[in-house]
Amino acid sequence: MRRVKLFTIDALPYRQPIPVYGYRFGSRKKTLAVMGAIRGDEVQQMYTAARLVRKFSELEAAGTFAPDCGVMVVPCAGQFSMNVSKRFWPLDNTDINRMFPGYGAGETTQRLADRLFTALQGYKWGIHLASFYLPGDFVPHVRIVDTGYQDNEEGLDFGLPYLVIRKPHPYDTTTLNYNWQVWETRTFSVYSRTTDRIDEESAEMAADSVLRFLAKKGMLPHKRPESVLRFLTEKGMLDGEFPEGSKTKTVKEEKLVNIHNKAGGILIRYHHPADFVREGNLLAEIIDPYTTDVQERICAPADGTLFFAHHAQLIAGHSIVFRLIPER
Amino acid sequence: MTETVIKAPLPVGEALVIQKNRIAGADPKSHRLSIVTGTHGDELEGQYVAWQLARVLEKKKDVLRGTVDIYPALNPLGISTIYRGLPGFDLDMNRIFPGSRNETMYEYIANGIIRDIKGADLCIDIHASNIFLREIPQVRINEKTAKALTPLAKLLNMDFIWIHSAATVLESTLAYSLNMLKTKTLVVEMGVGMRITQSYGDQLITGVLSVMSHLGMLTEPAPEVKQPVVSTDGSVAFINADASGFFMPQVMHGEYVKKGQLVGYIADALNGVTKEELFSPVDGMVFTLREYPVVNEGSLIARILGGIEL
């Protein structure tokens, strides 16, 4: 493992310069780059990347990397926001993940995006451990933005429960994922359950999915001493033991069913992401914040698996309470 | 007459309500002008225009034809909490249009606003700058719609028309969405965030009356308006800070400067030194100037419109 200083954030008065590090493994070839936290609330994403740093260190020490495999993990580029409990850039509330590919002579977050993008360019595959703009919990999944450059089949190699194909909206065109693809890196966004709090189980699932992807690409095949064999066996990543692609369900995002509430109030949730529900099942209730009287019952409109669940306890009307993957 | 455009219940005993002031003259269905502002909660310049224009039009009801809808607050929660974006949602409201009835609450609200304005003869979307920058009164037009909108923009009594290049991300704005729906929409930028500059507001109101006369909504001669400078991206020079610290301007907003002239410097208060001196790269007019002193590396300091001379 080699820790490399990619650039230093020295943009705010009275704050100390903060280096942004990349952790490199294997050869110098640009095979895979993994980006962790960009926003200040992406604690889970930073943690997942940090676990990957540890796992790659172990695999590298065991001589598992193919000779032509080079990996870089950037755990965090959002320190300035993270340390002051802000989601976006502290001074002007701009989002670095809406500034790609960046502009070196532009405004602060355009410059940071430019430096980050320069460090991440040229890799064959790119994985962004991403978060979503809605406050809620997800089923762990891999997401591919349909730019026309992507290969959907590759998303199956992560072995996560779902592969979501998203048609880009105008605001997606300034994200890391979109621009990575335009600059010819085959790109995936991996979502675990949470953002601003650590969920050990889904962090482990997300980190393992990255290793599984790399193994599927034949990048972890060489020299398998006993310790590595044991590690791979424990993780179900030996040849022939990978989860088959068919076990990953591919979903087009536009096919997800949004389940809304009409009333505002306190949300009492009875189901969680990954729950399979039947049409008519009671999913949640909106109760009156003064009396606890039930204002609205939220029921499943169809059989299916819950993909997303709103997690704030106070909820306004016309919010997305759940997203459902319909069984049919 | 105050009307509700769209509303949604908030969690605890309140509703988010978008309202408009409808001022109707003779033959109210013959024309419709929409004046919208307050998309960003920290931009208040449009509040004066909304208030004063309503008063002016009340006095002109005998010569008013058609309907004027004034939407003073597209983001009322942002204005009431001094927050630029959408409170609780952390997104810029001007990046979620045209919205959707099947997505989040704010997208539902945005969609309701679009549907209400759609079909107007003209929409004028008034913005101030943010709290960091001061702007001269100007109209900004996407190059895709420049041919149709520039003649109308010239009537608005603004100092400057900036025809900017198309960016995909701007396709989520209110103006772009309405223009795509064939509702002509002009974006006005003037002043600075969290402040009201009454002279700019009065200047714009004269322009609105001029446009209304042109559209046949006022049966009286149009007031005289100034001829704006019309420019494209190629004529605009940017000055960004390369150091963090405190910006001290050495020019006035709207001043004509020479290439190489000192625009300002960035001070390091801890060490008592000047970290950077910033010079104009061109001859021209300072149409944007940093207002908020704290700067980061990269912060925009000024925009100079080149090719302008005294």
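Two strands pair if DSSP finds at least two bridges between them. Helices (H or I, at least four residues) and strands (E, at least two) are DSSP runs, numbered from the N terminus.

The model is predicted: local features need pLDDT of at least 70, side-chain atom pairs count only at pLDDT 80 or more, and totals for chains, interfaces and linings use all residues. Residues are numbered from 1 along each chain as its sequence is written, while chains are lettered from A and ligands numbered from 1 in the order in which they are written.

**Exercise 1. Find the partners of strand β16 of chain A and state the sense of pairing.**

Solution. 
- Step 1. Strand β16 of chain A covers residues 304–310. Six of its seven residues are buried; a residue is buried if 20 or more other C-beta atoms lie within 10 Å of its own, exposed if 12 or fewer, and partly exposed in between, with C-beta atoms placed from the backbone.
- Step 2. Strand β13 (residues 276–277) of chain A pairs with β16(A) in the antiparallel sense over two bridges. Here A:Phe276 stands opposite A:Thr305.
- Step 3. β6(A) and β16(A) are also antiparallel, with three bridges. The bridge partner of A:Asp137 in β16(A) is A:Ala309.
- Step 4. Five bridges join β16(A) to the antiparallel strand β18 (residues 320–326) of chain A. A:Phe308 stands opposite A:Arg323 in β18(A).
- Background: strands of a sheet pair through backbone hydrogen bonds, either parallel or antiparallel.

**Exercise 2. Describe the contact between the two domains of chain A.**

Solution. 
- Step 1. The domain assignment gives domain 1 (2–253) and domain 2 (256–326) of chain A; such bounds come from an automatic or database domain assignment.
- Step 2. The C-alpha centres of domain 1 and domain 2 of chain A lie 31 Å apart.
- Step 3. Nine residues from domain 1 of chain A and 11 residues from domain 2 of chain A take part in the contact. Two residues are in contact if their C-beta atoms, placed from the backbone, lie within 7 Å.
- Step 4. On the side of domain 1 of chain A that touches domain 2, strand β6 (residues 136–138) of chain A gives the largest share, three residues.
- Step 5. By class, that side of domain 1 of chain A has five nonpolar, one polar and three charged residues. Ala, Val, Leu, Ile, Met, Phe, Trp, Tyr, Cys and Pro count as nonpolar, Asp, Glu, Lys and Arg as charged, and the others, Gly among them, as polar.

**Exercise 3. Check the span of helix α3 of chain A and locate what its buried residues pack against.**

Solution. 
- Step 1. The expected span of a helix is 1.5 Å times one less than its number of residues.
- Step 2. α3 (residues 108–120) of chain A has 13 residues and should span 18 Å; its end C-alpha atoms are 18 Å apart, so the two agree.
- Step 3. In α3(A), 10 of the 13 residues are buried, including A:Leu112, A:Leu116, A:Phe117 and A:Leu120.
- Step 4. The buried residues of α3(A) pack against β1, β3 (32–37), β5 (125–129) and α4 (176–182) of chain A.
- Step 5. A:Gly122 follows α3(A) and has a positive phi, near 90 degrees.

**Exercise 4. Is A:Gln16 buried or exposed?**

Solution. 
- Step 1. A:Gln16 is found in the loop between β1 (2–9) and β2 (18–26) of chain A.
- Step 2. A:Gln16 counts as exposed because it has 7 C-beta neighbours inside 10 Å.
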